[in-house]
Amino acid sequence: MDPSLIKDLKDFKARSIKQPTVEAKKSKTTSSDQPKSKPLSKPKVPKSSYLPKELLQPKKQATPSADYKAPTFRSKHKFAVLAAIVDFMRRRHLQREFEPLSVDEILDRIKYTDISQNDKAWLGNEALKENSKLVHKEGKFAFKPKFSIKDKKQLLKLLERHEEQGLGGILLDDIRESLPDADQVVKSAGRRITFITRSTDKKVILFFKNDRHQLPVDEEFQKHWRGVSVEGIGENDIEKYLVNAGITTMQDSGIRKPQQTQQKRKPNRKRNFKKLNTHLDESTLKDYSQS
């Protein structure tokens, strides 16, 4: 190893030991603030930095309606029946029921056997065949997910293929629509998957976590790095502290605001006015300012 690098490393260790750590002040709790009775223990949620919060939080169970005997309104309009068919086929796919069904079988399952023959013919000949969420196979229909995946292995292969081809990530909603038990599968493959939450609509996007891109970092350097706490301190305070400690900070690290271009003013051109009283000559006019 280069002796100059070893010397720089020793100097860095010596400076890090001498410099005090920047820590946020913690408020002292008095005995009166402490609760007298222990609160009820909440179900522990496994902490993880590679899974979105909505996957880590337990799902809330749907509470049944109070008046469950009351008949629900069911529209017999052909487009309402079409939406009910697509939703039913999607739920069947997520329950691992992949066999196709005919129009009569679908209408019998969703209890829409009392629709008109014209609407039934429209569904079988036009609407279901042209729907992008369904696939037609020999007179029967099945749900057509966005991605053809059925287990964790196929999910990882799909994400890896997107990573190798530079196609980016995949929305968690699309995975949930395509893969049965998607949340459990993503949890089990969590260490091989990374994610981001899109700031525009707060949707979660999954990416394949490639181990080849992980850089090894010396444990001693990690220890010094984690020893400095910057909790509750802004970037300007950190920069001032580094400058006072004799450490130069990186310049122009923030996002530059676009400079507003000032519009150039056009030079005022002298306008040519029409001369009046052209019959009066300079010899005729007389200056009386000095008299």
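Of the 291 residues in the protein, buried residues make up 21%, where buried denotes under 20% relative accessible area, exposed over 50% and partly exposed in between (1.4 Å probe, protein chains only). The model is predicted, so that local features need pLDDT of at least 70 and side-chain atom pairs count only at pLDDT 80 or more, whereas totals for chains, interfaces and linings use all residues. Residues are numbered from 1 along each chain as its sequence is written, and side-chain values use heavy atoms, with hydrogens and water left out.

The accessible surface of the protein amounts to about 25,500 Å², and carbon and sulfur atoms account for 51% of it; such areas come from the Shrake-Rupley method with a 1.4 Å probe, and for residues only the protein chains shown count as cover. The secondary structure consists of ten helices and five strands, that is, DSSP runs numbered from the N terminus (helices: H or I, at least four residues; strands: E, at least two). Of the contacts (heavy atoms within 4.5 Å) between residues at least 6 apart in sequence, 63% join residues at least 24 apart.

Two residues illustrate the local surroundings. Arg92 belongs to helix 3 (residues 78-94) and counts as buried because its relative accessibility is 3%. Beyond residues up to four places away in sequence, Arg92 touches Glu97, Glu99, Leu101 and Arg109.

Gly168 is found in the loop between helix 6 (152-164) and strand 3 (170-171). Its relative accessibility is 35%, and therefore Gly168 counts as partly exposed. Neighbours within four places in sequence aside, Gly168 is in contact with His162 and Phe207. The C-alpha atoms of Gly168 and Leu206 are separated by 8.9 Å, with the two residues 38 apart along the chain.
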